[in-house]
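User: Hi! Could we walk through this one together?
Analyst: Happy to, ask away.
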Amino acid sequence: MAKIRFYLLDITYKVKEGKPVIYMFGRTADGKQVCVIDDSFRPYFYIIPRKGEDIREKVEKVYAEKKDERYEVTGVELAKKKFLENEVNALKVFVSLPKGVPQIRDVVKDWDAVKSCHEYDILYVRRYMIDKGITPMTLVEAEGEESGERMKIPSIKAEKVEQAGEDTLKEPRVLAVDIETYNPGGRAVDTESNPILMIGLHGKNYNKVITWKTFKTAEKYIEFVKSELDLISRFKELVNEYKPDIITGYFSDGFDFPYINARAKKYKIQLDIGLDYSELRIKGRNQVQASITGIVHVDIFKFILRSFGRGGEIESLDLDTVSEALLGEKKVDVDMEELADVWDHHPEKIEEFCRYNLHDAKLAYMLCMKMLPNMIELVKIVGIPLFDIPRLGYSQLVEWFIIRQAPNFNEICMERPHYDEVRERRQKTFLGGFVYEPKPGLYNDIAVFDFRSLYPTIIASHNISPGTLNCECCVEKELAPTEEGKYWFCKKKKGFIPTIIEDLITRRMRIKEMMGKDGKKDPMLVAREQSLKLLANSFYGYLGFFNARWYSLESAKSVTAWGRFHIQRVIEKAKDEGFSVIYGDTDSVFLALDGKKTDDAVKFVEKINRKLPGVMELEFDGYYPSGLFVSAKMGDAGAKKKYALLGEGGEIEIKGFETVRRNWSFVAKDVQKDVLKIVLKDNDPKKALKYVKKMINDLRDHKVPVEKVVIHTQLQKEIGDYASVGPHVAAAKLMKNKGIDVGPGTIIKFIVAKGKGRIKDKVKLPEDAKKEDYDPEYYINNQIIPSVDRIFNALGIDSKELTEKASQSKLGSFL
DNA sequence: CAGGGGCGGGG
DNA sequence: GTGTACGCCCCTG
């Protein structure tokens, strides 16, 4: 019997002869692709019966039928488990097929003797990895013989499969894909009528663009084929030849792969790039996923979205902006609007677009390589396949981490909440972090402190979790300082959730120590440290998240209550020590040194830390020569984090602003951009204010050209299908009346004109509008003001003042 | 004031 | 696939 070791990349299951069979794809240490097949694992779930009920024999006879499929209980075991830290006698119910598990559960869930059912929705392949202790991207050992199944790679029918250590796949083969499509007039994506013009591929020392229109070129990376059909077939061949472990693209879940798939279908091409000859699969409506058996498809956009979020440090998440921010490299500058015309009439100019295409693929590749260490670390910590890492939200990462750890504590997982429960939970809100309102103004010599991982350390140090909440053994000992309610957490026994979060915290501390010693930063360690932090920080949100299995409002409330308690103590002590407090929010405090030295700040931190419980710790975050703080009460929603700091290197850091959206008028976009520029670069709020006032006056005087007030909105469906007629639908109707063909995807351009009634009644088409027509008040109040409101707020200038003064001065000019 | 609809990424 | 978005904003009725 042969023994092999391989790094697990992809895992799936199929039903063969009525049995579920696990297929694991990976690469061996000597670089060969392999598939390991295991048919020994049976699906199951848990029943917790009511006390004194013996239903084992009754459960053994249960079966369910659905769509000509019969599912049976194949065995029942008594299982001594724990549920929320309490011992329970559960039944472990084995079922013939994974799909039968929820069916069987449906049969038994309403029995009087059944208290609850659990783990009936843990995906079969994940269940397999959890129970076997197998971690993707790391070394797995299998023993077995050649299976004889039809595969592109050798396959082993395994007798035995086990984790072989933490050794991780060092250099996965990554191939990036990007397509360019025919798209005259910048219409919505239309896979039916618009062909793919070229496909760009980039890998290590590998550059290729395939296209189906010939032109003279000296570029070796360009390859010509005869038609779009040949293009897709050639793409298939190239993927097979390259044998990637990972295929990546930018928004490739949402665009490139669905597009390639649709075009392949049109030509009836089998897109069987899976290592088992299975076809590319596109699934999901809202959240589209493209997957290939045996090859991990990483949509790097998704991971970047999750890592940096919208409205974060990166202004926009399009490939150009993201590449510049993360790689210092922009896209090739071409006018995409021209592509269709170039394709039809100027083939000699196509090469420019090939360059663009290849470069996009290269950027996606580089972004993937840059983020890969972080994704791999998350795989190793959470234990789910690489494919899922970019596609799961924070809460699901936490949840799968807990699910994976649960068996180590013999814990049965909680159920997912049902719809009504979710709806109820969504209504509930609770008090968040403590905010020390800053006195507006400019400050010098600012020291910033924050609690290292405040909420995670509170959960660990105060033993907060649904399982340790209000235990019978410690009634009312050390109540959480909540505003209302009496919550305490077991003082005798550490809960399993606090234990695993403390483990995350201590692992991270060890890594930080290691990195500190060396001085040089190993990128792998940085990635691990960041991933541990990310996961630990997500626990608090998870406890208060309405879709969470281990949702616990009491726990979430207690976490923020202890947070407020500790930050307020720091603020009190800082005042006692003679610092003046500028601003504080949740886990951070901004102090003015007031003549003290940074050494005094360091000593202050040490003093605080001596008295903090458990793993809690205050850190000295940094020194800033100056900063502007703002009282930023926004309605009764409470204060929002808003400040601008000048760093020692002269860089300006702004927190708490939003960016404009695509469907705003140019005038709003321009004003926001310019105001930011003036404020950040010239550090001159008055100049910015003056600039906006001038723009407002220009609008009132109709000096702003019509193009600048055009609003662009995309029509999403046929005009008749709209239940409510918004401004853009009203404009679409005007277009239709003029005989223009409008439908889903058409960009509707309109302006809001003077007149009475609702906005939709004041809509005009740009070509029918003159400068005098647009409604200045609409553009001032609905476009200009909202776009700069938050910026001026942060600078201590009320934007209402802005209009009032502007209108007064306007009034003045009439008098 | 509730609820419908658009947006993002891609071309 | 033993599962699926989401949070924010504007506008209408």
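User: Is helix H5 (residues 256-266) mostly covered or mostly open, and how many of its residues are buried?
Analyst: Helix H5 is mostly covered, with eight of its 11 residues buried. Buried is under 20% relative accessible area, exposed is over 50%, and partly exposed lies in between (1.4 Å probe, protein chains only). Helices (H or I, at least four residues) and strands (E, at least two) are DSSP runs, numbered from the N terminus. This is a predicted model: local features need pLDDT of at least 70, side-chain atom pairs count only at pLDDT 80 or more, and totals for chains, interfaces and linings use all residues. Residues are numbered from 1 along each chain as its sequence is written, and side-chain values use heavy atoms, with hydrogens and water left out.
User: Which residues of H5 are buried?
Analyst: Among them are Phe257, Tyr259, Ile260 and Arg263.
User: And what follows H5?
Analyst: Lys268 does, and its phi is positive, near 55°.
User: New topic: where is Ala769?
Analyst: Ala769 is in the loop between strand S28 (763-764) and helix H20 (776-794).
User: Buried or exposed?
Analyst: Ala769 counts as buried because its relative accessibility is 12%. Beyond its neighbours within four places in sequence, Ala769 is in contact (heavy atoms within 4.5 Å) with Val706 and Ile751.
User: How about Asp333, buried or exposed?
Analyst: Asp333 counts as exposed, because its relative accessibility is 74%. Asp333 is found in the loop between helix H7 (319-327) and helix H8 (339-345).

Definitions and conventions
Chains lettered and ligands numbered in written order.
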